[in-house]
Every structure is written in C-alpha cells, then in structure tokens.
Amino acid sequence: MNADRDLADRLAATLAEAGEALPYAPAGTVAGVRRRFVRRRRLRAVAAAVAAMLALTVSSIALRPVPAPTATPGGHLRMWTLTDVERNPGLRGCLDDADVPVELSTFDNDTYQQLLASPGAPEQRPDVFENWGGADLGRQAQAGTVADLTDVAGGAADVFLPGVMAGGRVDGRQYGLPVTGTQPIVLFYDKRLFAEAHLSPPRTYAELLTAVDTFRNRKVTPIALAGAARWPALMYLMYLTDRLGGPQVFADIAAGRSGAWRHPAVREAARLTQQLVRRGAFGEPGDALNLETSAATGMLTRGEAAMHLMGSWEYGAQAASDPTFAATGLGWTPFPAVAGGAGDPADLVGVPANYLSVDAGSPYRAEAAQFVARTVTSDAFLDGLLAAGEVPAVRDLEPRLAGRPHAEFARFVHRLAVAAPSFTLAWDQALPRPVASVLLDRTRQLFQLTITPDEFVAAMAATA
C-alpha cells in the first residue's frame, strides 16, 4: 500500500507541475450532505483525483480521504463546518491564501452533531472543525483530543469581545477561536402587521401576551415556531428561566450542582411556556411542532406570522430570501422582561459565537493552528461576516460598518452583546449531549402539553 501511495503522490506532483492548462473543477456532493471545496492549488484537486483513481486500480483499496502521515507538499487540511459558514464570501479568499491547501466540507446542523458525536478513526477526522464551545469542547480539552491554541490566540484576544473569547476557553487556555458572528436570540417581528394592529414591539411578557391575543383575533399566527427541530422551542424555556431567576440558575445546572433543576424559576418558566401554547401563541396547539426552520422564516416573510423568536442568523436568512422585506419590513427587539423576575432584561441567551478548533492528532497541527488564527482575524473574513448579515464579535465594529447595507441590525446586535451582563450559551449546546437530548425531548412534551411543569422538572432532575 505504501508503494501505491508513493506512486499516486508522484503522479499528483507531475500533474500539478503541468501548468495552468487544466481547468479547475470543484468537488461534488458526497452522500447527499457534504459539499466539498478545495480552494487552493486547483490543479492539485484534479491531480489528486487522478492519483486516487490509479491507486484504486492498482491496489483495489477503497477510496476515501486520508491525510498524509507528515506535512508533505501534497497534503491538505480537512475543515468541517456548518453550512452557514459558506455564506461568508471572505472565507473563499482565506482558503485560497492558506499555506496548506484546505478542503472544506459543510453539513446541516443535525447531521453535523451526529457526525461529531460518532467515534471515527484518526484518519477520518478533520484537522479543523467548527463547534459551539461549552461542555463538548471542555470534554475534548480534558481528554487531550483538541489542540491548545493559546500560543496563537494573542492577536484574536485583541480583536474579539472578551465574553466571546471566553466561550472557546477551558481552564484558562484557548481551544477555540470565533468563526461566526455573535448570535444572541432576539424577537423578530413584522413592522407592517404591528403598525396595522397599533402595537409596539413587546418589552414585557405581559405585552407579549397582549400581542398574542391581538394577532389571534386578527387571524394571524402570533409567533412562528419551527418546532420540528425541537431546539427553537427550547428558546422560550431558556429566556424565561433567565428572566425569572437570572443566569446563575442555569450556571448551577451546567455545573451539575445538586438540586439545580428544581429551582423555582425552571418550573415557572415551564408553566409560562405552556401558557403561551394554550393561548395559541404558535397557532393551534401541536401545529408548530411539525414546522421546519425555513418554513417558520417564510411565515414571517409572507406576513403569515407576526413574530419569530430566533438567533440573529435569522436576519441573514431573511435578507437572502427577501431582501426587500429584510430592509423595510423586518423589525427586531430583545426578549421581553418578566415583571418581578430576578434576571436582568439585558441578559442574552444564544450563541456568543461558534468556534474553530484544531484536532490534537492532526499531522498538520501547527499549520492548522496558524491557519485558524490568521483566518478569523483577517479583514476579509470579518468583512465577509458583515456581508452575509452576521455581526462580528469584535471590540470595535463601527469602522467596519461604513456603507454596509446591514449596518442598523449589526449595531443593534453588537450593542446587545457589549451591554449584556450575561450571555448564556444555549442549553442544548452547553450541556453534555445525553442530557441535552433528554432536555429537547422533554421540551417537546411541554409544548405537546403531555407533561406538566412538575413532571418536566422531575425528569430533568433525574439526569443530574
């Protein structure tokens, strides 16, 4: 097999030296979920494919991407991310300019979570991968399977907000650098529908209930909810718990402290969640549980729903699907305050950012670390986030906004992130995967009205 690989490498090198005559052809879809782009050294993409075909003919070895055991000129970095990263136009130039060719594979959210959770042979793992920080990154750091990026993160610490950098840190060491904009969950709404109903965007939970009743009477679904994915329903439980009890309630849950799930704020948040369901906030009870994320976005765009609670990435989705509505009809506001609650209304829940990390076993570990640090701090990459409708979590955003079509929304999100006393990572990302799975199942049951708030609390306490 080594001889076959040497032969393939020699053929790849020969083809790569053939010059600029051969056209570039991007790699195609693999297994219906992977989109692969080899951004640098276009001839090498062709050469590697031909070399692999020859190796398969000679040795009948099953074809699959396998990294070279050492950082040779013919190798490349494998980079895995969520599909949304592709929207950043600045990423293409960063991949083209990398010192080592980079192969980018992107996945939808559910597929990606399953892929990261599946054990795989070292040669099947990515060199660079996107993640949410939180418990999973912490476990990988403790296990020594993710590389320590502290030595290359100094420049990033000068660029990004401290609270966002903290999301990629474990025990004082940096294991992830921000690859997306900051993504708080906010309440989007249709300006036209609110104006016609003579309503202002809700600032309190009581005002939210008034809006729900008003739009129900006007035969408009008050709030679009992509319940089929489960995690959008969890947003209400997360924010209501924070508004009622403050961020320490979930901090204790995430830390595994005894009795944390039994805090009164959790039960009351579950009760208020069911109150919204029974009041028809999401349409007829059960209807929204089958709605996909894109369908919920479309309901808001078409005026079929008045509101949509979603991460700030919803703005980019709206701008891509209907730029006119995004520019003139789309409004946004923080999640409402709850009267008498201990939480600060300026607290945020969502995703401070997603992060790029490096596999500790990568044969290109040093090159990968440098690539990550240079990419996420480059002007092209940060400006590309803005162009995609995201908000870079940088310390000084204003100079980047000149002439930007999305400047108003960017300022709104950035100000929220800067002013937030607390920015809690979404529970399903912050908790260990088995606990998060139970949480999502029980949240769905809350929305189905098949369990009571007390039963929800008891089920979650049993996971501790």
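Visitor: Why is R404 called partly exposed?

Guide: R404 has a relative accessible area of 26%, and because buried means under 20% and exposed over 50%, with partly exposed in between (1.4 Å probe, protein chains only), R404 counts as partly exposed. This is a predicted model, in which local features need pLDDT of at least 70 and side-chain atom pairs count only at pLDDT 80 or more, whereas totals for chains, interfaces and linings use all residues. Residues are numbered from 1 along each chain as its sequence is written, and side-chain values use heavy atoms, with hydrogens and water left out.

Visitor: What makes the pair of R404 and D383 a salt bridge?

Guide: A salt bridge requires a side-chain nitrogen of Lys or Arg within 4 Å of a carboxyl oxygen of Asp or Glu, and the side chains of R404 and D383 meet at 3.6 Å, N to O, so the pair qualifies. D383, at 24% relative accessibility, counts as partly exposed, and a network of salt bridges links D379, D383, R400 and R404.

Visitor: How do you know that D136 and R139 are separated by about one helical turn?

Guide: Both residues lie in helix α5 (residues 134-143), and because they are three residues apart there, the separation is about one helical turn. Their closest N and O atoms are 2.1 Å apart, and D136 and R139 form a salt bridge, one of 19 that the structure holds.

Visitor: Is D136 buried or exposed, and what of R139?

Guide: D136 has a relative accessibility of 17% and therefore counts as buried, whereas R139, with a relative accessible area of 37%, is partly exposed.

Visitor: What makes R216 and E284 a pair that links distant parts of the chain?

Guide: R216 sits in helix α9 (residues 205-217) and E284 in the loop between α12 and α13 (293-301), 68 residues apart, yet their side chains meet in a salt bridge at 3.3 Å, N to O. R216, at 32% relative accessibility, counts as partly exposed, and E284, at 44%, does too.

Visitor: Why are the buried residues of α9 said to line one face of the helix?

Guide: Those residues are Y205, L208, L209, A211, V212 and F215, and seen down the axis of α9 they fall within an arc of 160°, so they line one face, the arc being that of the directions from the helix axis to the C-beta atoms. On the other side of α9, A206 and N217 are exposed. The buried residues of α9 pack against β9 (183-190), α8 (191-196), β10, α10, α12 and β11 (305-311), contact meaning heavy atoms within 4.5 Å.

Visitor: Why is T333 called buried, and which residues is T333 in contact with?

Guide: T333 has a relative accessible area of 10% and is therefore buried. T333 belongs to strand β12 (residues 330-333) and, leaving aside neighbours within four places in sequence, is in contact with V186, L187, Y189, P201, P202 and F412. T221, placed in strand β10 (residues 221-224), has 22% and is partly exposed; its C-alpha atom is separated by 5.4 Å from that of G283, 62 residues apart along the chain.

Visitor: What is the largest nonpolar core, and which residues have the most contacts inside it?

Guide: A nonpolar core is a set of buried Ala, Val, Leu, Ile, Met, Phe, Trp, Tyr and Cys residues joined through side-chain atoms within 4.5 Å, and the largest one has 115 residues, with M307 and F456 having the most contacts inside it. Helix α10 (residues 231-245) provides the largest share of this core, nine residues. Apart from this core lies another, of twelve residues, among them W80, F129, W132 and A141. F456 is one of the buried residues of helix α21 (residues 453-461), and the buried residues of α21 pack against α10, α12 (264-278) and α20 (433-448).

Definitions and conventions:
Helix = DSSP H or I, 4+ residues; strand = E, 2+ residues; numbered from the N terminus.
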